[in-house]
Amino acid sequence: MRKKPCKIFILFWIFWYSLIACQAGPFTKEEKNILKTQPPFSVIIAHPEEFIGSRLFLGGVIAQVQNLPDKTLMEVIHKPLSRSFKVPLSTDLSYGRFIVSTKKFLDPSIYTRGKSVTVIGRLSRVQRGIIGQRPYKYPVISASHIHLWSDTY
């Protein structure tokens with residue numbers, strides 16, 4: 001007789017813990033607080049040199065990944081983040097692109113074009129590049145946290 005209430009109690013706690021864990025998302029409260037103090041990406045992209053050293057919380061979709069001998073560079077098309085879980089929104093709205101730099105190896109068969117990522121890191125420099133035939137200034141984020149979102153979130 002006691003086993004049934006015990007099972008219900010355990011199932012309740014598993015459900016409750018799962019619910020709380022799902023709402024927490026992959027980011028700490030401290031990391032989420034970065035968003036409260038950082039300027040909008042449109043301001044950062046207009047004058048990226050002014051924000052070198054700033055800690056940023058950005059999201060978007062992967063354009064390409066390039067593994068070099070000592071680091072990986074990931075070009076990301078910026079997308080605004082959802083309010084709750086900080087997932088990049090599926091929208092045509094974007095204020096530009098940025099590059100994520102990490103010492104970690106990011107497998108290009110997993111970090112594929114079009115997948116959503118959220119990145120936390122410091123703007124370390126501005127890198128000149130070309131998109132098509134147009135010159136472009138990429139803010140380079142030295143990543144401390146990269147979260148690759150599954151297709152189902």
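Biologist: In which helix is L35 found?
Modeller: This is a predicted model, so every answer here rests on computed values. The helix that holds L35 spans residues 29-37. That helix is α2.

Biologist: Is L35 buried, partly exposed or exposed?
Modeller: Its relative accessibility is 28%. Buried means under 20%, and exposed means over 50%. L35 lies in between, so L35 counts as partly exposed.

Biologist: Which residues is L35 in contact with, leaving aside its neighbours within four places in sequence?
Modeller: One of them is K86. K86 is 51 residues apart from L35 in sequence, yet their C-alpha atoms are 9.8 Å apart in space.

Biologist: In which sense do strands β3 and β5 pair, parallel or antiparallel?
Modeller: Strand β3 covers residues 97-102, and strand β5 covers residues 134-148. They pair over 3 bridges. S101 stands opposite S142 in β5. The sense is parallel.

Biologist: Over how many bridges do β4 and β5 pair?
Modeller: Strand β4 runs over residues 116-131 and pairs with β5 in the antiparallel sense. V117 stands opposite L148 in β5. The number of bridges is 14.

Biologist: Which residue takes a positive phi in the hairpin of β4 and β5?
Modeller: The hairpin has 2 residues between the strands. The phi in question is near 70°. The residue is G132.

Biologist: Is the aromatic pair of Y136 and Y138 stacked, tilted or edge-to-face?
Modeller: The count of aromatic pairs comes to 4. In the pair of Y136 and Y138, the rings are 4.8 Å apart, centre to centre, with 65° between the planes. Y136 and Y138 are buried. Planes over 60 degrees apart set the class, so this pair is edge-to-face.

Biologist: Which residues do ring pairs link into a cluster?
Modeller: Another, F27, is touched by H145. The cluster is made of F27, F57 and W149.

Biologist: Is H145 buried or exposed?
Modeller: H145 has its place in strand β5. Its relative accessible area is 17%. The cut-off is under 20%, so H145 is buried.

Biologist: With which side chain does the side chain of H145 make a polar contact?
Modeller: Not counting residues up to four places away in sequence, H145 touches P26, F27, E31, T118, V119 and I120. The polar contact is at 3.2 Å. The partner is the side chain of E31.

Key
Residues are numbered from 1 along each chain as its sequence is written. This is a predicted model: local features need pLDDT of at least 70, side-chain atom pairs count only at pLDDT 80 or more; totals for chains, interfaces and linings use all residues. Side-chain values use heavy atoms; hydrogens and water are left out. Helices (H or I, at least four residues) and strands (E, at least two) are DSSP runs, numbered from the N terminus. Buried means under 20% relative accessible area, exposed over 50%, partly exposed in between (1.4 Å probe, protein chains only). Contact means heavy atoms within 4.5 Å. Two strands pair if DSSP finds at least two bridges between them. Rings of Phe, Tyr and Trp (its six-membered ring) pair if their centres lie within 6.5 Å; planes under 30 degrees apart count as stacked, over 60 as edge-to-face and the rest as tilted. A polar contact is a pair of N or O atoms within 3.5 Å; within protein, one must be able to donate a hydrogen and the other to accept it, and residues adjacent in sequence count only if both atoms are side-chain atoms.
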